[in-house]
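Here is a short note to read alongside the model. Please keep the structure open while going through the points.

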Amino acid sequence: MSSDATLTHGGKRLATYQHRTLITDARVVSCSGDVTEHPFDGDLLIEGEHIAQVFRGRAPIDRGSVQEIDIAGATVMPGLCDAHVHISWPLDFVFDHPGVVAMPDDAHALEVAGVVRTFLASGYTLLVGAGTLKPRIDVIIQRAIDRGLIPGPRLWPSGEHITQRGGIGAGSAVEADGAEEVRRLVGEQCELGVRSIKLMISGDGIVPGHPSQTTYMDDAMVAAAVREAEANGAFITVHARSTEGVRMAVRNGVRIIHHATYLNDAAISELSAARDDVWVCPGLHYLRAMVEGDAQPYGVSPESVERALYPQELQAAVDGLRKLHSNGVRIVAGGDFGHQWTRHGTYAAELASYVDLLGFSPLESLLTATSNAGPLVGEQLGQIREGYLADLVVVDGDPTVDIRVLLDPDRVGPVIKGGQPALVGWGEVERWARSRPAASV
């Protein structure tokens with residue numbers, strides 16, 4: 001959405017100028033990718049949708065030439081990314097996929113509008129879809145966001161999951177036999193406007209009869225999907241918990257591997273060699289919540305979690321992800337949120353699990369949701385840097401010291417998307433910043 005303004009007189013256009021906003025007295029977390037960086041006192045100049053300049057200390061700019069927004073020492077950081085998103089799971093979702101499929105489309109669209117607003121209010125300005133329960137819902141919502149009809153993050157829309165006939169998800173996903181059928185289904189999704197196509201190439205132990213180490217599809221099917229997606233400006237993501245599923249995804253050029261829980265030395269070596277072309281998106285908090293019993297009040301018994309071998313899978317995931325991280329494989333945050341035990345609005349719990357279970361520093365964890373995300377989608381975002389999109393979130397506290405600051409809705413403040421406040425006005429941004437407890441200390 002343009003932030004240009006037009007001067008008129010007597011109905012005649014005189015000039016067009018680009019709006020300039022100077023955010024002052026900020027504690028800047030730039031998320032440059034340097035794991036040794038520290039927040040600094042600074043100002044940010046926004047011109048249009050982009051960051052024009054970043055200053056350490058006060059900006060030497062004529063205040064009369066800009067709109068000045070004083071945030072009273074609050075932290076400003078890049079907006080966050082979740083790369084494993086099911087926006088079609090409503091706010092009150094409890095593992096009832098058939099119920100969502102049966103929901104009238106208009107009612108479902110309103111539910112999804114509430115979900116994307118919740119992501120935005122939680123500091124998330126970029127979402128990558130990882131499968132829907134209705135074929136066009138991501139595309140419809142993405143277009144509504146882009147037109148300014150509803151508030152929401154930037155969205156790389158997905159379509160229905162594609163699975164091998166009789167494989168995991170059969171009945172709620174679209175099923176395929178052979179490479180040609182996969183190619184056709186990917187092409188059809190691209191025609192709808194889908195940009196992130198999800199294949200189900202492994203099992204998931206929580207689904208009876210589909211152990212996590214089971215592998216579906218074959219190289220020809222995955223390769224056909226990747227070629228068709230790339231020809232249409234899209235990319236392939238995969239649900240791959242099994243070792244062979246991960247290896248098949250890597251050798252066929254898949255962009256995002258979700259879960260990647262069971263890794264042997266060969267899989268780790270292959271992922272490490274492909275570190276410039278593939279991102280691993282763990283969904284670690286989902287496994288953790290299951291193993292720790294958070295799903296039990298919603299009908300997921302401890303026995304079913306044990307039968308799924310989730311305790312062993314969680315440990316395998318922790319071991320493998322530590323090795324991938326030490327080898328420079330890019331982890332991109334994504335949490336499979338939407339169940340009541342991983343409910344909407346708690347998305348930063350994924351980042352906290354990287355700190356708690358993988359030994360990441362808070363900043364390393366933060367980078368998985370910021371600077372690692374820009375190259376994934378081919379956009380200049382995820383950093384506070386000149387020329388990058390001005391997608392920002394204002395925070396009360398320092399997430400590079402305590403990542404759990406991002407889990408407190410009272411401390412996650414106004415969100416700026418494309419250079420403009422997303423859910424409030426600039427006046428509310430200043431008032432929020434000045435009303436923080438820290439601002440009066």
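**Notes on a predicted model**

1. Arg 436 counts as buried because its relative accessibility is 5%, and buried means under 20%. Keep in mind that this is a predicted model.

2. What does Arg 436 form a salt bridge with? Its partner is Asp 396, and the closest N and O atoms are 3.1 Å apart.

3. Now look at Arg 251 and Glu 244. They form a salt bridge whose closest N and O atoms are 2.5 Å apart. Arg 251 has a relative accessible area of 44%, so it is partly exposed. Glu 244 also counts as partly exposed, because its relative accessibility is 32%.

4. How many salt bridges does a search of the whole structure find? The count is 25. Some residues are joined in a network of salt bridges: Asp 41, Asp 43, Arg 58, Arg 63 and Glu 68 are linked in this way.

5. A search of the whole structure finds 1 cavity of 30 Å³ or more. The largest cavity holds about 50 Å³ of space. Its lining includes Gly 79, Leu 80, Cys 81, Thr 125 and Leu 126. Ala 369, Thr 370, Ala 373, Leu 381, Gly 382 and Asp 391 are also among the lining residues.

6. Which strands each supply at least two residues of that lining? They are strand S8 (80–85) and strand S9 (124–129). By type, the lining residues of the largest cavity divide into 6 nonpolar, 4 polar and 1 charged.

7. Val 94 is found in the loop between S8 and helix H1 (97–102). With a relative accessible area of 36%, Val 94 is partly exposed.

8. Two backbone angles deserve a look. Most residues other than glycine have a negative phi. Asp 25 has a positive phi, near 55 degrees. This residue lies in strand S3 (residues 20–28). Asp 25 counts as partly exposed because its relative accessibility is 28%.

9. His 259 is the other case to check. Its phi is positive as well, near 85 degrees. His 259 is placed in strand S15 (residues 256–259). Is His 259 buried or exposed? With a relative accessible area of 1%, His 259 is buried.

How values were computed: Residues numbered from 1 in each chain as written. Predicted model: local features only at pLDDT ≥ 70, side-chain atom pairs only at ≥ 80, totals over all residues. Heavy atoms only, no water. 1 Å grid on protein atoms, 1.4 Å probe; cavity = no way out; pocket = protein on both sides within 12 Å on 5 of 7 lines; lining within 4 Å. Points joined across faces, edges and corners; volume = space filled by probe spheres on them. Helix = DSSP H or I, 4+ residues; strand = E, 2+ residues; numbered from the N terminus. Nonpolar A, V, L, I, M, F, W, Y, C, P; charged D, E, K, R; others polar. Buried < 20%, exposed > 50% of the residue type's maximum accessible area, 1.4 Å probe, protein only. Salt bridge = Lys/Arg side-chain N within 4 Å of Asp/Glu carboxyl O.
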